[in-house]
Amino acid sequence: MQTGLFIKKNRNTVTDIALLIIVTVIAYLPVSFFIFSLKNDSLVQYLPFRYHLSESIQHGYFPFWNPYLYTGFPIHADMQGMTWNPIVLAISSVTRYNMSVLEFEVVIYLALAAIGMYSLLKSFSLSRIICILGGISYMSCGFITGSASVIPWISSAAFIPFVFKYLKRFLEYPNWKSSLSFSISLCMLFLCGYPTFFIYTSYIVLAILLFAAITHFKNKP
């Protein structure tokens, strides 16, 4: 009986995630189907950096240095250059960046934002429909729809729910699996997101951990 419930629960989760991905693609149809081009910072800053990074990787060397900016610039030292972004590196190892590839990357972040909020809400044992609607609402909120020109803001929004989900799991089940999951999600926020969001998130995480530690030792016999 328990095995059947577990299988059904996993099947529902996979179905819900597939639904969230489909809704994300439809909600951002002009981007996901490459109908309209991203503009502003996405066009003049993030695309050139990613193009140079992908060109370098495709030619077999890592782009520590960008010779086309400021008569030479250590691109690996720029936190917003996304040189250490695992998603950008994975895409660059397969293909060269252009606007369509950049828009595909943005859709990945949008889908992760929906899935992350869905997973966070699900960890509170909320109803299935509430979790799905929460993921859709978060993915389509005004902050994300208005941040298409600043991709690190969208990527930050994609990984913040995972940080708090695995922080909650770590506090409930303090073992190496929950600790590793929390560390990876926080690392992804640092490598993919905007520095300000990582700093603020870290402040909140430290406050929660401090409160949990005080509560633990206060209630300890």
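This is a predicted model: local features need pLDDT of at least 70, side-chain atom pairs count only at pLDDT 80 or more; totals for chains, interfaces and linings use all residues.

Residues are numbered from 1 along each chain as its sequence is written, and side-chain values use heavy atoms, with hydrogens and water left out.

Let me start with helix α3, which covers residues 41–58; helices here are DSSP runs of H or I with at least four residues, numbered from the N terminus. With 18 residues at 1.5 Å a residue, α3 should span 26 Å, and its end C-alpha atoms are 24 Å apart, which agrees; the expected span is 1.5 Å times one less than the number of residues. Along α3 there is a kink of about 35 degrees at Leu47, shortly before the proline Pro48, where the bend at a residue is the angle between axes fitted to the seven residues ending there and the seven starting there. After α3 comes Gly60, whose phi is positive, near 95 degrees.

Which residues of α3 are buried? Among them are Tyr46, Leu47, Phe49, Arg50 and Glu55, and by buried I mean under 20% relative accessible area, with exposed meaning over 50% and partly exposed in between, using a 1.4 Å probe and protein chains only. The cover over these buried residues includes α4 (86–92), α5 (99–122) and α8 (151–172).

That brings me to α8 itself. Its 22 residues should span 32 Å at 1.5 Å a residue, and the end C-alpha atoms are 33 Å apart, which agrees. A kink of about 25 degrees lies at Phe159 in α8, shortly before the proline Pro161. Because 17 of the 22 residues of α8 are buried, this helix is largely enclosed by the rest of the structure.

Now to the charged side chains. Side chains of opposite charge can pair when their charged atoms come close. A salt bridge here is a side-chain nitrogen of Lys or Arg within 4 Å of a carboxyl oxygen of Asp or Glu, and by this rule the count comes to 4 salt bridges.

One of them joins the side chains of Arg128 and Asp16, at 2.8 Å from N to O. Arg128 lies in helix α6 (residues 128–139) and Asp16 in helix α1, so this pair ties together parts that are 112 residues apart in sequence. Arg128 is partly exposed, with a relative accessible area of 40%, whereas Asp16 is buried, at 2%.

Another salt bridge is formed by Arg50 and Glu105, whose closest N and O atoms are 2.9 Å apart. Since Arg50 lies in helix α3 and Glu105 in helix α5, the pair ties together parts that are 55 residues apart in sequence. Arg50 and Glu105 are both buried.

Glu55 also forms a salt bridge, with Arg96, and here the closest N and O atoms are 2.4 Å apart. This pair links distant parts of the chain, with Glu55 in helix α3 and Arg96 in the loop between α4 and α5, 41 residues apart. Glu55 is buried, with a relative accessible area of 18%, while Arg96 is partly exposed, at 38%.

What about the cysteines? A disulfide is a covalent bond between the sulfur atoms of two cysteines. With the rule that the two sulfur atoms must lie within 2.5 Å, the count comes to 0 disulfides. For Cys141, the nearest cysteine sulfur is that of Cys131, 17 Å away, and for Cys187 it is that of Cys192, 8.2 Å away.

I will end with the loop residues. Most residues other than glycine have a negative phi, and most peptide bonds are trans. Phe34, however, has a positive phi, near 60 degrees, and is found in the loop between α2 (29–32) and α3. Ser125 has a positive phi of about 60 degrees although it is not a glycine, and Ser125 lies in the loop between α5 and α6. Are these residues buried or exposed? Phe34 counts as partly exposed, at 41% relative accessibility, whereas Ser125 counts as exposed, at 67%.

Note on methods. Helices (H or I, at least four residues) and strands (E, at least two) are DSSP runs, numbered from the N terminus. Contact means heavy atoms within 4.5 Å.
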